[in-house]
Amino acid sequence: MDPGATMIRFTRTEPGRPPRTAGLEVDDAGEVVGWETAGDRVGRFGRTLLADELEALRGAVETAAAAAPGDLEVAAPGGAGASEQVNADGVGVFLDAGAEPPALAADLVALLRELHVDLLGHPVAALELHVSGSPTDPGTAALRHLGEEALVVRTGGASARASVFDAGSAVVDQSATTVEVDVDGPVDPGWTHPLSGLEVGAPVAGGFRTVKVDGVAVDVDGSGVPRPVELVWMDGDDGDDD
């Protein structure tokens, strides 16, 4: 299917090293493509909107576009936190991530935020930091490809660290290892690499666990050029740690 004209573009940006960026584009036929550079899944995502979803988005754009001059203006995001931007036909909104949008753009921003989260369940070519084991037991970690398209990945010099925190966010256990596989090119669907030597300790009461992988680059936009990503897993990220 030939892509249609972009109807809506939604982006989220957070300063950092590397910067965290994510977003999505919806074309006028209802095809959605998205990207993510931070989290337990990074890469490219996409799906086709259902008819009622597309109708709701179009209606929300029309409502926002009917605003009088100045009605969509919001204060420029402050501090060093994440910001969100929406661009559509006759609509432009820029605000702090998660902040309340202008009233006439509220439905549009809410729909796009929900769609952004939903897309993570529809990988096209993504790299996942997967942690197995139940939420109450020690686990193991692996990098694995999700989706049906090959993904360009670079892992040279990458490292991984698993941490257990108590209820006061103090580190009570930690394990680190290097990512032994040296990839610099496309990996195919089904590719997986266990993070050997990394021990994900059992959680403590009231605490939480994290696993982070540094030094990996992924082609998140389909250009063929990998860019630095931040792979991070935390207990309860998606409600399913199996």
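Predicted model: local features only at pLDDT ≥ 70, side-chain atom pairs only at ≥ 80, totals over all residues.
Local features were taken at pLDDT of at least 70 and side-chain atom pairs only at pLDDT 80 or more, while totals for chains, interfaces and linings use all residues. Residues are numbered from 1 along each chain as its sequence is written, and side-chain values use heavy atoms, with hydrogens and water left out.

We may start with the sheets. Nine strands build an open sheet in the order E7-E6-E1-E2-E3-E5-E8-E9-E14, and the pairing is antiparallel. Strands (E, at least two residues) and helices (H or I, at least four) are DSSP runs numbered from the N terminus, and two strands count as paired if DSSP finds at least two bridges between them. Strand E7 (91-96) and strand E14 (192-194) are at the edges with a single partner strand each, so one side of each has no neighbour in the sheet. From one strand to the next, the twist averages 15 degrees. Within this sheet, strand E5 (residues 41-48) joins strand E8 (residues 123-131) in the antiparallel sense over five bridges; Gly 43 has Ala 126 of E8 as its bridge partner.

A further open sheet holds four strands, ordered E13-E10-E16-E17, again with antiparallel pairing. Its edge strands, strand E13 (184-187) and strand E17 (227-228), each pair on one side only. Two bridges connect strand E10 (residues 151-154) with strand E16 (residues 217-218) in the antiparallel sense, and Val 153 has Val 218 of E16 as its bridge partner.

The helices come next. Helix H1 lies across E1, E2, E5, strand E6 (83-88) and E7, and runs at about 80 degrees to E1. The axes of H1 (residues 51-65) and helix H2 (residues 106-119) come within 8 Å and cross at roughly 145 degrees. Axes here are lines fitted to C-alpha atoms, for helices over the stretch in contact, with angles from 0 to 180 degrees between N-to-C directions. H1 contributes Ala 56, Leu 57, Ala 60, Val 61 and Ala 64 to the contact (heavy atoms within 4.5 Å), and H2 contributes Asp 107, Leu 108, Leu 111, Leu 112 and Leu 115. By class, this contact has nine nonpolar, no polar and one charged residues. Ala, Val, Leu, Ile, Met, Phe, Trp, Tyr, Cys and Pro count as nonpolar, Asp, Glu, Lys and Arg as charged, and the others, Gly among them, as polar.

One aromatic pair was found in the whole structure. Rings of Phe, Tyr and Trp (its six-membered ring) pair if their centres lie within 6.5 Å, and planes under 30 degrees apart count as stacked, over 60 as edge-to-face and the rest as tilted. Phe 165 and Phe 208 are stacked, at 4.6 Å centre to centre and 10 degrees between the planes. The pair links distant parts of the chain, with Phe 165 in strand E11 (residues 159-165) and Phe 208 in strand E15 (residues 208-214), 43 residues apart.

Of its 22 lining residues, Glu 36, Ala 38, Gly 39, Asp 40 and Leu 120 are the closest to its centre. The lining divides into eight nonpolar, four polar and 10 charged residues. On a 1 Å grid over the protein atoms alone, a pocket is an open set of points with protein on both sides within 12 Å along at least five of seven lines, and lining residues have an atom within 4 Å of a point.

Technical notes
1 Å grid on protein atoms, 1.4 Å probe; cavity = no way out; pocket = protein on both sides within 12 Å on 5 of 7 lines; lining within 4 Å.
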